[in-house]
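Reader: I am new to this structure and would like to go through it step by step. Could we look at it together?

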Amino acid sequence: MTEFTTTVYYDDDADRSHIDSKTVAILGYGSQGHAHAQNLAESGVDVVVGLRPGSSSRAAAREDGLRVASPAEAAAEGDIVSILVPDTVQPAVFEEIRDGLEAGDTLQFAHGFNIHYSQIEPPEDVDVTLVAPKSPGHLVRRNYENDEGTPGLIAVYQDTTGEAKDEALAYAHGIGCTRAGVIETTFREETETDLFGEQAVLCGGVTSLVKQGYETLVDAGYSPEMAYFECLNELKLIVDLMYEGGLGEMWDSVSDTAEFGGLTRGDRIVDEHSRERMEEVLEEVQDGTFAREWILENQAGRPSYNQLKDAEESHGIEEVGRPLRDLFAWNDGDDEETEKAEAPADD
Ligand SMILES: NC(=O)C1=CN([C@@H]2O[C@H](COP(=O)(O)OP(=O)(O)OC[C@H]3O[C@@H](n4cnc5c(N)ncnc54)[C@H](OP(=O)(O)O)[C@@H]3O)[C@@H](O)[C@H]2O)C=CC1
Ligand SMILES: CC[C@](O)(C(C)=O)C(=O)O
Ligand SMILES: [Mg+2]
Ligand SMILES: [Mg+2]
């Protein structure tokens, strides 16, 4: 039997009686919201989706067979109120729903930002929990539909009922996370590791690596199409192997030439200087510098965010990638995956 350093919970560890007779209010129907709502409903849980008046997602949620109400109505009806709107919007939405929370209800998050950085102060008589899939929401849904799951984290910030952890685990079961494995953590640990991971490795680090690789080849006179396939498209195929069997399966599958070149050159690209930058980024997460910057950026109407987003969208690798993906035989002329991934961020 494998010995882990932490307890990992699976399907058999979850007791669904902690959620089966309850109503779950899902506030928001974006990346995480649509996945939690549909997975829970298909797991037999009573779900009501809370969406603002005039929300374009109302029609989508109804088409998916879900009940829809306003955020305040849904929260008042829900025993578990899962706040799945963007982190920066959550404090305002919390003010709208606060009066509907009853003693013994659960206020639930998929990321600890607003609790950890004290942007939301929950009432003392509710449970406050976290169920955080370690995955983009669209894959939480896709994996569930494919009878697979996504790993997740649970945490308890406030436990008034004595059932907070069991309920979080039952919820994680309902969205398919216990199929893959669930780890218990704290709001602090989830928030800091999640922010660090997305900034330094998963989203920030990897896109910078891809762009620098692409630009190096194009500036040296190679065709943008070649550079796109080499530095972006094939990355997915390489990462698929790491996902399936760790670094070892990837090294086994690539040529010995790639393995020797990668092992001797990789650490020259991402070196001890990058490591120092990573430590700085982690410190900014830990001491609240990043959180303050992001909160102020939103208060100012997102000037830097919008500028950086525009620059990213018009980068050469994006210009060349769109038509190339459209011509993939299985895409039928539509870059559907890109459209789907962008859809929930349009608010
Ligand atoms: N994206 C992800 O995969 C992951 C996200 N998380 C966490 O999950 C939470 C939700 O994130 P995510 O799914 O990305 O969120 P999204 O950006 O996808 O949320 C969009 C939803 O929020 C609603 N919304 C936006 N603004 C408002 C507002 N002012 N008032 C009411 N509703 C609003 C939108 O409404 P409308 O439909 O009307 O536009 C939409 O339904 C966050 O805490 C995030 O950190 C955790 C793990 C991964
Ligand atoms: C990696 C980004 C993420 O943390 C996630 C999909 O888990 C997010 O905030 O979207
Ligand atoms: Mg994450
Ligand atoms: Mg995150």
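**A guided conversation**

Author: Let us begin with helix α15, residues 316-326, where I317, V320 and G321 are buried. Please keep in mind that this is a predicted model.

Reader: Let me step back. Which domains does the assignment give for the chain?

Author: The assignment gives domain 1, covering 8-185, and domain 2, covering 198-346. The C-alpha centres of the two domains lie 29 Å apart.

Reader: Now the sheet, please. How many strands form it, and in what order?

Author: The open sheet is formed by 9 strands, in the order β1-β9-β8-β7-β6-β5-β2-β3-β4, with mixed pairing. At its edges are β1 (8-9) and β4 (67-69), each of which pairs on one side only.

Reader: What packs on the sheet?

Author: Helix α7, residues 164-174, packs on it and touches β1, β5 (80-83), β6 (106-109), β7, β8 and β9 (182-185). The direction of α7 makes about 150 degrees with that of β8.

Reader: Is α7 itself buried or exposed?

Author: Of the 11 residues of α7, 9 are buried, so the helix is largely enclosed by the rest of the structure. Among the buried residues are E167, L169, Y171 and H173. Just after α7 comes G176, which takes a positive phi of about 95 degrees.

Reader: Back to the strands: do β7 and β8 run parallel or antiparallel?

Author: Strand β7 (residues 127-133) and strand β8 (residues 152-158) run antiparallel and are joined by 6 bridges. As an example, V128 has Q158 in β8 as its bridge partner.

Reader: And in which sense do β2 and β3 pair?

Author: They pair in the parallel sense, over 5 bridges. One of the residue pairs is V24 with V47, the latter being in β3.

Reader: How many bridges join β2 to β5?

Author: There are 4 bridges between β2 and β5, and these strands run parallel. In this pairing, I26 stands opposite S82 in β5. Strands β5 and β6 also pair in the parallel sense, over 4 bridges, and I83 stands opposite F109 in β6.

Reader: Changing topic: which residues does UniProt annotate as "binding site"?

Author: One such annotation, from an unreviewed entry, covers Y29, G30, S31, Q32, R52, S55, S57 and G137.

Reader: Where is Y29 found?

Author: Y29 is in the loop between β2 (23-27) and α1 (31-42). Y29 counts as buried because it has 27 C-beta neighbours inside 10 Å. Leaving aside residues up to four places away in sequence, Y29 touches H34, A37, V49, L51, S57, A60 and A61.

Reader: And G30, where is that found?

Author: G30 is also in the loop between β2 and α1. It is partly exposed, as 18 other C-beta atoms lie within 10 Å.

Reader: At which other positions does UniProt place the feature "binding site"?

Author: The unreviewed entry also places this feature at D194, E230 and E234. These span 41 residues in sequence, and the farthest two C-alpha atoms are 28.3 Å apart, so they do not all gather at one spot.

Reader: Is D194 buried or exposed?

Author: D194, in helix α8 (residues 187-202), counts as buried, with 20 C-beta neighbours inside 10 Å.

Reader: And E234, buried or exposed?

Author: E234 lies in helix α10. E234 counts as exposed, since it has 11 C-beta neighbours inside 10 Å.

Key. Residues are numbered from 1 along each chain as its sequence is written. Chains are lettered from A and ligands numbered from 1 in the order in which they are written. This is a predicted model: local features need pLDDT of at least 70, side-chain atom pairs count only at pLDDT 80 or more; totals for chains, interfaces and linings use all residues. UniProt positions are given in the numbering used here, feature names are shortened, and annotations may be inferred rather than shown by experiment. Helices (H or I, at least four residues) and strands (E, at least two) are DSSP runs, numbered from the N terminus. A residue is buried if 20 or more other C-beta atoms lie within 10 Å of its own, exposed if 12 or fewer, and partly exposed in between; C-beta atoms are placed from the backbone. Two residues are in contact if their C-beta atoms, placed from the backbone, lie within 7 Å. Domain bounds come from an automatic or database domain assignment. Two strands pair if DSSP finds at least two bridges between them. Axes are lines fitted to C-alpha atoms, for helices over the stretch in contact, and angles run from 0 to 180 degrees between N-to-C directions.
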